[in-house]
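Welcome! Take a look at the structure, then read on.

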Amino acid sequence: MTSELDIFVGNTTLIDEDVYRLWLDGYSVSDAVALRVRSGILEQTGATAAVLQSDTMDHYRTFHMLERLLHAPPKLLHQLIFQIPPSRQALLIERYYAFDEAFVREVLGKKLSKGTKKDLDDISTKTGITLKSCRRQFDNFKRVFKVVEEMRGSLVDNIQQHFLLSDRLARDYAAIVFFANNRFETGKKKLQYLSFGDFAYCAELMIQNWTLGAVGETPPHPDSQVDDMDVDLDKEFLQDLKELKMLVADKDLLDLHKSLVCTALRGKLGVFSEMEANFKNLSRGLVNVAAKLTHNKDVRDLFVDLVEKFVEPCRSDHWPLSDVRLFLNQYSASVHSLDGFRHQALWDRYMGTLRGCLLRLYHD
């Protein structure tokens, strides 16, 4: 009896997105097989359990071999061992560097060191994310940080160039690098209501306005020892912020500032009487935050201070977000009408960013 077989030979590496997701999530082969069985794949395909086991193992072997290339994504594009279409390569890279919101909130602002890595067991237990996945995400954060921390130029562009991430994911990694470098405190109980997206939004504002890269500095000679453009805060700017102290130290300026804001907002603010009664405390809080940013500890506590000095007082008086926005806009703009104040450009650079951050931090 003669048997006929149709044979197709190809060298394109097959990537099953569902199995890739299970591998990224840190499941063992046996757990992945069990989850695939539960999904009904045997009934859908008519395959046997043995074939499913073999298929899963085969995919896992492929992913393990690809992983070293994923650590340096441009290598994946230029290697010839695995024939993977460009769209598939982009998917592999993007998903490998994707991270869980619950995980990043636990490590955001912490030093990406062995000490933090030792805490991954506890983070895994707390978040329900497998330890293997926690390690992958942590190692990705650390790898990106190490590659771009000393590079000059745009942080987002450097990340995209070296890791081939989408614009959105590169911006998220820029926020993670920026927070790790400046060690901003994000773990305090009073900050737990804030999401990674809230912090990433503020990081983007600070990178755009408070770093050396923000002021268009002319790059010095490559061999000179200088701070990195987008990673480090502009120390000269932070030092200059002490000049803003006169807005609250000078009684006449403080009274005039209050008068200008109250005159402009009378009849427009639902919490006008509360604002008028608390204006000086709020202003002192916002200006004192600026004046203290020359100290590393106060830089680290920036978000704690903003919540304590502004968000919580306004929240306790039940300010709606619309009133917060009106107040901050007028509070910032009125300084330009203070004849005795000569630091308008410095004020705008500070308050432009702070206003955006406070509006994002304020959840009424």
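## A helix pair

Helices α4 (residues 49–70) and α6 (residues 86–97) have axes that come within 11 Å and cross at roughly 80°, so α4 and α6 are roughly perpendicular to each other (a label for angles of 65 to 115 degrees). Axes are lines fitted to C-alpha atoms, for helices over the stretch in contact, with angles from 0 to 180 degrees between N-to-C directions. Helices are DSSP runs (H or I, at least four residues), numbered from the N terminus.

On the α4 side, L66, E67 and L70 make the contact, and on the α6 side L92, I93, Y96 and Y97 (contact means heavy atoms within 4.5 Å). Six of these residues are nonpolar, none polar and one charged. Here Ala, Val, Leu, Ile, Met, Phe, Trp, Tyr, Cys and Pro count as nonpolar, Asp, Glu, Lys and Arg as charged, and the others, Gly among them, as polar.

## The largest pocket

The largest pocket is lined by 13 residues, with N182, K235, L238, N296 and V299 nearest its centre. Helices α12 (167–182), α14 (235–240) and α18 (296–300) each give two or more residues to this lining. Its classes are four nonpolar, five polar and four charged.

A pocket is an open set of points on a 1 Å grid over the protein atoms alone, where a 1.4 Å probe fits, with protein on both sides within 12 Å along at least five of seven lines; lining residues have an atom within 4 Å of a point.

## About the model

This is a predicted model, where local features need pLDDT of at least 70 and side-chain atom pairs pLDDT 80 or more, while totals for chains, interfaces and linings use all residues. Residues are numbered from 1 along each chain as its sequence is written, and side-chain values use heavy atoms, leaving out hydrogens and water.

Notes: Angles under 35 degrees count as roughly parallel, over 145 as roughly antiparallel, 65 to 115 as roughly perpendicular and the rest as oblique.
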